[in-house]
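I opened my notebook to look up contacts in one protein chain. These are my entries, in the order I made them.

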Amino acid sequence: MAKVNVSVLLFLMFFSITPEGNLVMANEQKTWCVAKPSSDQATLLSNINYACSQVDCRIMQRGCPCSYPDNLINRASIAMNLYYQSKGRNHWNCDFRASGLVVVTDPSYGNCIYA
């Protein structure tokens, strides 16, 4: 009888790979990208600048639903998630030099809806 690698079985229970090569939750659970709370300010600022150079970040402009609270971790999380969602929700699109975290709990709050 062939040996079965338990790690591979666990991986297959929770994740699958699409025909395009994307890693997804087996039940197609929605995921979001947020900034790790331990990230330093320079990294958060760099993440905002990079993400917003690639995607439309107007949702963070003053007066928009996601403009408050006006702090770097919030702004970085919004920008990073916009980038992550627009690039197909691949885990590598949330890396941001190891400062991103893929979550399964919707980070939306108030009128600020994370796509």
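Predicted model: local features only at pLDDT ≥ 70, side-chain atom pairs only at ≥ 80, totals over all residues.

**Entry 1: an aromatic cluster**

I started with Y83. At 10% relative accessibility, Y83 counts as buried. Residues are numbered from 1 along each chain as its sequence is written, and side-chain values use heavy atoms, with hydrogens and water left out.

Next I searched for ring pairs. The whole structure gave 2 aromatic pairs. Y83 and F96 have ring centres 5.6 Å apart and planes at 70°, so I noted the pair as edge-to-face. Y83 lies in helix α3 and F96 in the loop between α3 and β4, so this pair ties together parts 13 residues apart in sequence. My rule for rings of Phe, Tyr and Trp (its six-membered ring) is that they pair if their centres lie within 6.5 Å; planes under 30 degrees apart are stacked, over 60 edge-to-face, and the rest tilted. Helices (H or I, at least four residues) and strands (E, at least two) are DSSP runs, numbered from the N terminus.

F96 is buried too, with a relative accessible area of 11%. Ring pairs link Y50, Y83 and F96 into a cluster.

**Entry 2: disulfides**

How many disulfides does the structure hold? I found 3. A disulfide is a covalent bond between the sulfur atoms of two cysteines. In the model I count a pair of cysteine sulfur atoms within 2.5 Å.

C33 and C94 are both buried.

Then I checked C52 and C57. They are joined by a disulfide as well, S to S 2.1 Å. The torsion about this S-S bond is -95°, and the link is left-handed. Are the two cysteines buried or partly exposed? C52 is partly exposed, at 26% relative accessible area. C57 counts as buried, at 13%.

My next pair was C66 and C112. Their sulfur atoms are 1.9 Å apart, and they form a disulfide. The torsion is about 105°, so this disulfide is right-handed. It links distant parts of the chain: C66 is in the loop between α2 and α3, C112 is in the segment after β4, and they are 46 residues apart. I noted C66 and C112 as buried.

I numbered the bonded cysteines in sequence order. The pairing reads 1-5, 2-3, 4-6.

C64 is partly exposed, with a relative accessible area of 25%.

**Entry 3: salt bridges**

I found 3 salt bridges in the structure. My cut-off is a side-chain nitrogen of Lys or Arg within 4 Å of a carboxyl oxygen of Asp or Glu.

D56 forms one with R58, and their closest N and O atoms are 2.7 Å apart. D56 is partly exposed at 43% relative accessibility. R58 is exposed at 52%.

R62 forms a salt bridge with D70, with 4.0 Å between the closest N and O atoms. R75 also meets D70 in a salt bridge, at 3.9 Å, N to O. Together R62, D70 and R75 are linked in a network. R62 counts as exposed, at 72% relative accessibility. R75 is partly exposed, at 23%.

**Entry 4: N71**

Where is N71 found? I located N71 in the loop between α2 (41-54) and α3 (72-86). N71 is partly exposed, with a relative accessible area of 31%.

What does the side chain of N71 reach? It reaches the backbone nitrogen of N74, at 2.8 Å. That is a polar contact: a pair of N or O atoms within 3.5 Å, where, within protein, one must be able to donate a hydrogen and the other to accept it, and residues adjacent in sequence count only if both atoms are side-chain atoms.

I also checked N71 against Q41. They are 30 residues apart along the chain, and their C-alpha atoms are separated by 10.0 Å.

Methods:
Buried < 20%, exposed > 50% of the residue type's maximum accessible area, 1.4 Å probe, protein only.
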